[in-house]
Amino acid sequence: MTARDTDWDGVRLHVVTGKGGTGKTTVAAALALALARGGRKVLLIEAEGRQGIARLFDRPPLPYGERKIAIGPGGEGETGDVYALAIDPEGALLDYLQMFYGMRSAGRALTKLGMVDFATTIAPGLSDVLCTGKATEAVRRKGGRNGHAYDAVVMDAPPTGRIGRFLNVSAEVSGLAKVGPIRSHADSVANVIKSPQTAVHFVCTLEEMPVQETLDGIAELRGVKGMQVGGVIVNMARPAVLPREELESGPDVSALAGSLTRAGLHSADELAKSLGDELAEHARRVRLQDGQRDDLAEAGQPLYELPLLTDAIDLAALYRLAAELRDQGAA
Amino acid sequence: MTSTTALTDNPVLEADRIIDDRRTRIIVCCGSGGVGKTTTAAAIGLRAAERGRQVCVLTVDPARRLAQSMGLTSLDNTPRLVEGVSEEPGGSMYAMMLDMKRTFDEIVEAHSDPARAEQILANPFYQALSSSFAGTQEYMAMEKLGQLRKSDEWDLIVVDTPPSRSALDFLDAPERLGRFLDGRLIKLLLTPAKATRPFTKVINAGFSVVTGTLTKILGAQVLRDAQTFVTAFDTMFGGFRERADATYKLLQAPGTSFLVVAAPEPDALREAAYFVERLDAERMPLAGLILNRVHRAPGTLSAPRSLAAAETLESAPNGSSETDSSQASADAVAAAALRLHAARMSLGERERRVASAFTSAHPAVPVMEVPALPEDVHDLAGLRTVGASLSGEPQ
Ligand SMILES: Nc1ncnc2c1ncn2[C@@H]1O[C@H](COP(=O)(O)OP(=O)(O)OP(=O)(O)O)[C@@H](O)[C@H]1O
Ligand SMILES: Nc1ncnc2c1ncn2[C@@H]1O[C@H](COP(=O)(O)OP(=O)(O)OP(=O)(O)O)[C@@H](O)[C@H]1O
Ligand SMILES: [Mg+2]
Ligand SMILES: [Mg+2]
């Protein structure tokens, strides 16, 4: 097995954020697949229990537990495993109570009383800490070939607007108990998150609002000591169908009509006109996209680009996106 | 764009009919995250104003440039007159951005004496609740709507709803906040341990486990803050519930119209379907579905035929003469155009399939399609274009 260098060697926790709907869940899944090779074991975590991962892999809703959900790409002996975990605040709180107080069944009773809702409501940071806590616990867990239970953990994280607060655990618990396990828990979480072991990647489409949010998000995280900003994954890009100069010069409608006739199409003149319009619109879109990409590049983080797939996103599509990420050095 | 074949066979949503009907007093734009609620609300408001109505648009978190184009530069929680709106038919447009914290503060100030208000506003638990509780924004949007409607300064109020995963949050969150504020645990916290109420031992024991655990996790201070807040806030609870109920009733009144916005994508349409069913169950008046950012299939050349033609051109033998080479480069451009067209047709086809999952389940819901514009909508001209599409005017 030859270990090829990737841009994020040494990173074991990949946090994937981005504006809502830009493809966080899809990209996180593709990244997990891309990392799962050469016998590696990868855990894909969904932070805000909406069962997006289960839907993506065409599975029934995941219980609160780690299960194998897919195998990585690559031939015999080269492949790895992807496990998945959907975290919900309730499960995470019960886990926590069990871990520090050995009181799982009492915890269950408290759930019935609505305590979990209550606790997470009056202390909004609590469920975030429990969630990041679960992820970092998986990162630190011992076992496996290299001494780690998982070689990498990928987290489908909350959107850009909340990511700063979500990851800044120490601040999150500052209003909470001044002593006791939740404090030291937060500190150990921060030790992983604010270390070179963790990178925060941004998923972004080439549109104005997502680009702005991404730039704001990167600036925000850079302001937090120890936090490592990862790559910017441009998603759903429409590749230019022709070289830029040809797109810029605009289509020659009569030459287009000639070609269409040669291709055996009828009413070539009319068709050429409408295809010409489509080409012009495409040129305009490409120009807009280029502008947005330039703005993103200003941030100075590595850029990766995934194309807009026209078919529904299924497992085959995820492998395709995973291969793109791998080829571009993201994994 | 030549073809305007609709994605669905459902009845057509006639936005102008709703706007022009003076009995329409409130239009609520809802839908899941990012589908175009704010854009639609602003576009409807502008169109109504330019057709003679006195409009107020209540927006929540508009994109910066869109807000600027409506003259909304600061979050000051009061409607401002929008410049650049045609006043010919005697209409006008006001717009505002919701400031949820300020709205909450104003309620507190209006319903308690100054000393108590100050105490509440300074409470850390109140501050958390008023700025970050999931549901506060929805509650405050409803509250603001109630206030605007009561002032009776506008004859049409267009409401945008907060960005949230699920469209249902708008209807559920106020109830959730209310339930939380007079929930069981809060009551427990309020009741001193040696209450005079006939508490059984069991409840008392259960109670100490609860408070004990909460104290361990959250710390005593957080609980004390919550207790102080609840005590100070106690007299207002009833008022909260009542106002939320009143606004909820307003939403069921005949002068209200709900517009559900969705993109032609499975998640957004699934949410739209839940919402439509919910409105029905609550007897809330649904005006119809706006299918936003639709990619219309241009022309009649199908995707497979387009691809076949592209392949024919790409596999043509390459000559070496000068005419041959200019022909070859024209063919390359044509092949690219054909592939582009094929992708466009497939996308249109996919959107049609996705939309039909909704429309077969809800064949009677009026639908209007708004095409995906090449650029973001961030000025009045863009809003007019969207408004025109909403009314079925040819582009
Ligand atoms: N490269 C792509 N090509 C085509 N469709 C894509 C691509 N990436 C994502 N999608 C689609 O876009 C939609 C949004 O993707 P996804 O659910 O991953 O986004 P998200 O950021 O996780 O959204 P949310 O904020 O709601 O959690 C889905 O329907 C998904 O199938
Ligand atoms: N028909 C359209 N064509 C092109 N762009 C559009 C169209 N409708 C909306 N947009 C753009 O899509 C983005 C999202 O729209 P908008 O802010 O209205 O959505 P929203 O539903 O209010 O989102 P949120 O849930 O975040 O509040 C904006 O950048 C807007 O300019
Ligand atoms: Mg997601
Ligand atoms: Mg909005």
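The largest share of the shell around ligand 1 comes from H1(A), with 3 residues; helices here are DSSP runs of H or I of at least four residues, strands are runs of E of at least two, and both are numbered from the N terminus. This is a predicted model, in which local features need pLDDT of at least 70, side-chain atom pairs count only at pLDDT 80 or more, and totals for chains, interfaces and linings use all residues. Residues are numbered from 1 along each chain as its sequence is written, while chains are lettered from A and ligands numbered from 1 in the order in which they are written.

Ligand 1 lies between chains A and B. Helix H1 (24-35) and strand S7 (229-237) of chain A are the elements that give two or more residues to its shell. Of the 18 residues around ligand 1, those that come nearest are A:Gly20, A:Gly23, A:Lys24, A:Thr25 and A:Thr26; a residue counts as near if its C-beta atom, placed from the backbone, lies within 6 Å. By class, the shell holds 6 nonpolar, 9 polar and 3 charged residues, with Ala, Val, Leu, Ile, Met, Phe, Trp, Tyr, Cys and Pro taken as nonpolar, Asp, Glu, Lys and Arg as charged, and the others, Gly among them, as polar.

I turn now to confidence. The model scores ipTM 0.80 and pTM 0.87. Chain B has a mean pLDDT of 86, and 88% of its residues reach 70 or more; pLDDT is the predictor's confidence in each residue, from 0 to 100. Over residues 193-197 of chain B, the pLDDT is below 50. Where pLDDT is low, the predicted coordinates should not be read in detail.

Definitions and conventions
Two residues are in contact if their C-beta atoms, placed from the backbone, lie within 7 Å.
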